Amino acid sequence: MPLAHRVLPPAPITTYEHYLKARGGRGWEAARELTPEALIERVAESGLRGRGGAGFPTGVKWATVAANHSDAAPTSVVVNGAEGEPSTLKDRMLLRTNPFEVLEGALIAARAVRATQIIVAVKASFTIELAIVQHAVAELDQAGWFDGIDVRIYQGPSAYLLGEETALLEAIDGRQPFPRLAPPFRRGVFEVVEDESDLDSGSGLSAHVEMADANHDSLAPPALVDNVETLANIPRIIWRGAEWFRDLGTTDSPGTVICTFIGAVQTPGVGEVAMGTTLREAIDLVAGGPLQDRAIVAVLPGVSNAVITASQLDTPLTYEAVSAIGSGLGSASFAVYDDQTDLAAVAAGASRFLFVESCGQCTPCKTDGRTISETLDAVIANEATAADVEHLRARLDTVAAGARCNLARQQETVTRSLLDAFPHAVEVHIDRSAPAVPRQLIAELIDINDDGVVQLDESFPDRQPDWTSDRIDSGRTPVERFTDHRSESTGR
């Protein structure tokens, strides 16, 4: 089966005129003839699932946001383009090549949930995508598409947690990207509090709100947060219908998925395949297969799900099939490792990434994460014992206790899966039969150039657990550091 081009075009669509010639705008035209309820029903019938990681049914999400509409404050649609999952580039590739379709999808979503504001959220470091999206917004605005809709572009910090939807809402509202407990359909972009001074006091937890009031007359407006790829699918679903969308994929995972492959492959890159394509086939289609005369040993889906082993490469890329082997599809971002890779070094790299990027709101996430990361560093330096590894495993049992977001669970899942699948990788460092090795760099994927050269964030090893790049670790969590800063600035 060849690569698909439903949402990822073979060549960039750079102007509004070009977009119209590529049959753009038909989804928005059809949407204006449908009621909000009918739009939500069509999306639900399509079976589209969110492409940001969790695979939650998009129609259910839209219906939930619509049901929590507040007459006192406007609903917002947030385009989540803050991707930072190691190994993924698909959302940025979409924004580079097809920004108009993403914006059209956001506009249709706004009509469906009766939103009056669209916020396109990306990291400030995504300079290429920012320029392209700004140009696309200006052209659509000039063409009259945004009548009655306020469209703005938010430029966020580099933190990994910015991609977590509640942390993203916190950041858009002017605070740090610390995940909150209240879901977006109960507390949206703009936090409503009794006393604005509460935002500068207390424990430093995000928004100082644990859960929104169940009263539907609450002033708290909901937000619909959807991933870039999710929204890019919307126009054609509305225009061509749910059955057309289901022509590809499986019953439970219809449509296509955009995959990113880096690591031990012939041509690292990004490509769109039909759901149900096996992982092995996708590696061949998108990345030209494994390196010559090398055998794939492991595939790591970012740092969100359990490692996939060589015996599982024929698993279909669907939410249900990948879940059945104990992993997850996530954002379809895959780092491929062959028989030349030290998997203990991979575990150390993944663990340190998650430990550093933890915000510290949940104490076990940061403290147990530190123990796990530092123990794995000792393992690959040939300085750990079997007892140290057992202590590490005990910390994997507690790291996610009371966690308000998924990061701690990722630390548990990814690290445990690597240790369980490749125990020999650790044993050879415990008995010193293998040489000490450096930690594998697991960091944000900056870009893949036209020659297939992968650029990772080489500055990440200098990033401290307090989210600074200071020479010495302060020993404080990000939450503690920003709380201290707030207290100093307010004289408290």
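Trainee: Leaving aside neighbours within four places in sequence, what is Ala-109 in contact with?
Mentor: Trp-62, Val-77, Leu-224 and Leu-231 are in contact with Ala-109. Contact means heavy atoms within 4.5 Å. This is a predicted model, where local features need pLDDT of at least 70, side-chain atom pairs count only at pLDDT 80 or more, and totals for chains, interfaces and linings use all residues. Residues are numbered from 1 along each chain as its sequence is written, and side-chain values use heavy atoms, with hydrogens and water left out.

Trainee: Is Ala-109 buried or exposed?
Mentor: Ala-109 is buried, with a relative accessible area of 0%. Buried means under 20% relative accessible area, exposed over 50%, partly exposed in between (1.4 Å probe, protein chains only).

Trainee: Which helix does Ala-109 lie in?
Mentor: Helix α6, residues 99-113. Helices (H or I, at least four residues) and strands (E, at least two) are DSSP runs, numbered from the N terminus.

Trainee: How do the axes of α6 and helix α9 cross?
Mentor: They come within 7 Å and cross at roughly 75 degrees. Axes are lines fitted to C-alpha atoms, for helices over the stretch in contact, and angles run from 0 to 180 degrees between N-to-C directions. α6 and α9 are therefore roughly perpendicular to each other. The cut-offs: under 35 degrees is roughly parallel, over 145 roughly antiparallel, 65 to 115 roughly perpendicular, and the rest oblique.

Trainee: Which residues make the contact of α6 and α9?
Mentor: On the α6 side, Ala-109 takes part, as do Glu-101, Val-102, Glu-104, Gly-105, Ala-106 and Ile-108. From α9 come Val-228, Leu-231, Ala-232, Ile-234, Pro-235, Arg-236 and Ile-238. By class, that contact has ten nonpolar, one polar and three charged residues. Ala, Val, Leu, Ile, Met, Phe, Trp, Tyr, Cys and Pro count as nonpolar, Asp, Glu, Lys and Arg as charged, and the others, Gly among them, as polar.

Trainee: And where do the axes of α6 and α7 stand, at what angle?
Mentor: Those axes come within 9 Å and cross at roughly 60 degrees. α6 and α7 are therefore oblique to each other.

Trainee: Which residues meet there?
Mentor: Pro-99, Phe-100 and Leu-103 in α6 meet Ile-132, Ala-136, Val-137, Glu-139 and Leu-140 in α7. The classes here are seven nonpolar, no polar and one charged.

Trainee: Switching to strands. How many residues of β2 are buried?
Mentor: Eight of the nine residues of β2 (115-123) are buried. Seven bridges join β1 (75-81) to β2, and the two run parallel. Ser-76 stands opposite Gln-117 in β2. Another seven bridges join β2 to β3 (150-156), also parallel. There, Ile-118 has Val-151 as its bridge partner in β3.

Trainee: What do the buried residues of α8 pack against?
Mentor: β1, β2, β3 and β4 (223-227). Seven of the eight residues of α8 (165-172) are buried. Gly-174 follows α8, with a positive phi near 100 degrees.

Trainee: What is the order of the open sheet of five strands?
Mentor: The order is β6-β5-β9-β7-β8, with mixed pairing. Two strands pair if DSSP finds at least two bridges between them. β6 (269-274) and β8 (308-309) are the edge strands. Six bridges join β5 (256-263) to β6, running antiparallel. Thr-256 stands opposite Ala-274 in β6.

Trainee: Which helix packs on the sheet?
Mentor: α11 (279-287), touching β5, β6, β7, β8 and β9. The direction of α11 makes about 75 degrees with that of β5.
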